[in-house]
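Please look at the structure first.

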Amino acid sequence: MTAEASATSISRTRRRSFRSWVTSGGVTKIAFALPLLFIFGYFSWGPIVDGIVMSVQNTNLVDDPEFVGWSNFEYVLTDPLLPKAAANTLYYAFLALVFGFPVPLLLATFMAELRGTRRLYSVLAYLPVIVPPVVAVLLWKFFYSPEPTGLFNTVLGWIGAGPFAWLNSADIVMPAIVLESTWAYAGSTVIIYLAALTAVQRDLYEAAELDGAGIIRRTWHITLPQIRGVLLIMLLLQVINTMQVFTEPFIFTGGGPNNASTTLLLMIYNYAFIDGDFGAATALSVLLAAFLGLLSAGYFVATRRLN
Amino acid sequence: MRTASKRSLATLAGMLTLSIGITGCSGGGTGAPATTAPEVDLEAAVTITVGDLPPTSEAEKRAFFEGQVEAFMAENPNITVEAVEDKWDPQTFQAQLAAGNLPHVLTVAFTEANALAARGQVAELSQAIDLAGLGEQLNPDLLDLVSDDDGGIYAVPTAAQALGLVYNRDLFEQAGLDPDAPPQTWDEVRDAAQQITETTGAAGYATMTTENQGGWMLSAGIYSHGGTVENAKGTEATFNDDPAAEYLELLQAMRWDDNSMGSNFLYNAGALVQDFSAGKIGMFIGFSGLYRPAVIRNQMPADNFGMAAMPIGADAEPASLTGGQIQVVSPDATPEEQVAAVKWIDYFYLKKFTDEALAAEQAEAAAASGQAVTVPERPAISQDAYDQYFEWIQPYVNVPLENFSTYIDAFGEQNLLPEPAVKAQEVYAELDVVLQKILTEEDADVVKVLGEAETAVNRLLGR
């Protein structure tokens, strides 16, 4: 074949492949993807890029922003409240990990063992998720009334405990918030675990039962290893989400008492909406995002072997 | 877990996008007063949006507001007013500002005036005030608080008040105290609080401590002991001294020695007034306008609401912190819209003080719609005009004014002191923490707590 003939053949092939790409729905695919790309780019990636840009600017949202270099970062990093807010956030994440992470897993494992009433329990576990977060917090604020006649204090009074100051105590405020969060959000995690558990082969359990394994050994040797992938992802998502806790401390206490429940996101909020300082707010947001990004990357490397 | 916080972040992120998009193309914000006043066509047809329309859940108030809008438009045929429910809220304000869809007129607290003006986020109104013929009516002391050194006026003050001691007259009677002779000094407040707690079990005295309202109340307490919060220029914190320490030590004694401050130390105004209306709190520092949420919304019997002058510290002169409401105009408003906005502000909020027929008409409509007519405040106009106004509306008054008599009588005798000049809300946010520490940590060291707050406030003021 001459070079000329070869070139003609290639161009024909290209033309044919382009035509077949079009006839096999290529244009439609692009048409379907475009709106999604636009919406995702404009509403998800756009704000991220804008947030990064704003972190090196000083703006009043009316006039043209002014470039200020690293000064927003300097201001944020030298804020005496930052170490406390970071510690509070880590403390919240830690408490949520210790108490909030196992609860849905235990509930799901228990519910998976049930036969006829599983649906009922799923509904019961999921109900708190349906309550809007603000409503739930206001409800719990009422439960946490520090007066001896408050709901929790009354109930605990029956066994001779309390009365506790709850949200008014710098020592109890964080555990109190974690308790509410666990109640509020465990339901959706339970549903995910339940779905994962249905994928575990039943014959493994039957074999283990024949070998005389009880529920604890079955859970430890079959359930947990089988849903390991889901567990690891949920763990990472929980850490990322709890590091961004905002609604609960904002509505429960506004960060009090004595900043004992001031979290990083609450600081960001205060920079933006109390101080009107969007530069500082976005600077701290960028720092938090960078930290969470590194944490996630490190987590994936560390757990790759397990997967 | 935790989708809500993601949502909040998404909102913030969304706002950031908008802000960048809009700031890029606006650029024409009003900063200092214009050097050459633009030509204004006072007859041009103009449409303005005004905020603070009561929501549909408050049907009667809403109908009153809408009726006033109709009456205003009938009087000013070239102006069309669209009322919207938007209220001052720092979150939505910034987002709406960035998106360029703020209402032209919005009610804001006095404390916000300086920060909004300094950030160029509200319109400068001196020309519009002149053209609307409003200048002479306004109380010059109040106008000073919303003006800058160059003579720029950034808001129209429409309601002012001095803080004082709000008390539950029923609890006073139950405790064997005379509700017509409320405490005048802080020592008397302490004794009365103790007596109320001992005899009724209610908290004798309580204070707001969150959402910057704690800092506001702490500032009032400091003023009443002869202290200040910032220096006049707003460059330095001045509260790390004896007056502030005295007030905090008094609170410490009431909280930890007398146990007369109840058990909740995370109160915002709403929650505090709720517990006060329910008879759980004897006294707190507040302003007369709280009569409305207490009596109209929470159904506290009107006769139980008492208001006295700000208590006086041991070696101090009578002094009270003043504040109130101002009306701001969107920085995007054209000169014509600014004039229309000021005319509306005048009509709806101020004209009743100079127009007998309008005063009676508004008072009658307000009384008919179940609103309070009317709670005594520090006049936003001259004292004579204010007294005259009360005579005009006499037939419609449904507030037991005699329960405010000691509060009103004190106006002439008190030093009325403005709120901190610079970054008042930010400073208040820092002072919230001071109050919370004193009230929730038994062994809190007053001097150390004040020192820490001073450092934090100086850092803010230096930014």
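## Layout and cores

The C-alpha centres of domain 1 and domain 2 of chain A lie 46 Å apart. Domain bounds come from an automatic or database assignment. This is a predicted model: local features need pLDDT of at least 70, side-chain atom pairs count only at pLDDT 80 or more, and totals for chains, interfaces and linings use all residues. Residues are numbered from 1 along each chain as its sequence is written, with chains lettered from A and ligands numbered from 1 in the order written.

| Domain of chain A | Residues |
|---|---|
| domain 1 | 3-44 |
| domain 2 | 71-303 |

Chain B has 18 helices and 10 strands (DSSP runs: H or I of at least four residues, E of at least two, numbered from the N terminus). Its C-alpha atoms fill a box of roughly 65 × 55 × 50 Å along the principal axes.

Of the 463 residues in chain B, 51% are buried (20 or more other C-beta atoms within 10 Å of the residue's own, with C-beta atoms placed from the backbone).

The largest nonpolar core has 133 residues. Such a core is a set of buried Ala, Val, Leu, Ile, Met, Phe, Trp, Tyr and Cys residues joined through C-beta atoms within 7 Å. Among the members touching the most others are I268(A), L284(A), L165(B) and F284(B). Helix α9 (residues 173-198) of chain A gives the largest share, 12 residues. A second, separate core has 52 residues, including L116(B) and W344(B).

Methods: Buried ≥ 20, exposed ≤ 12 C-beta atoms within 10 Å, placed from the backbone.
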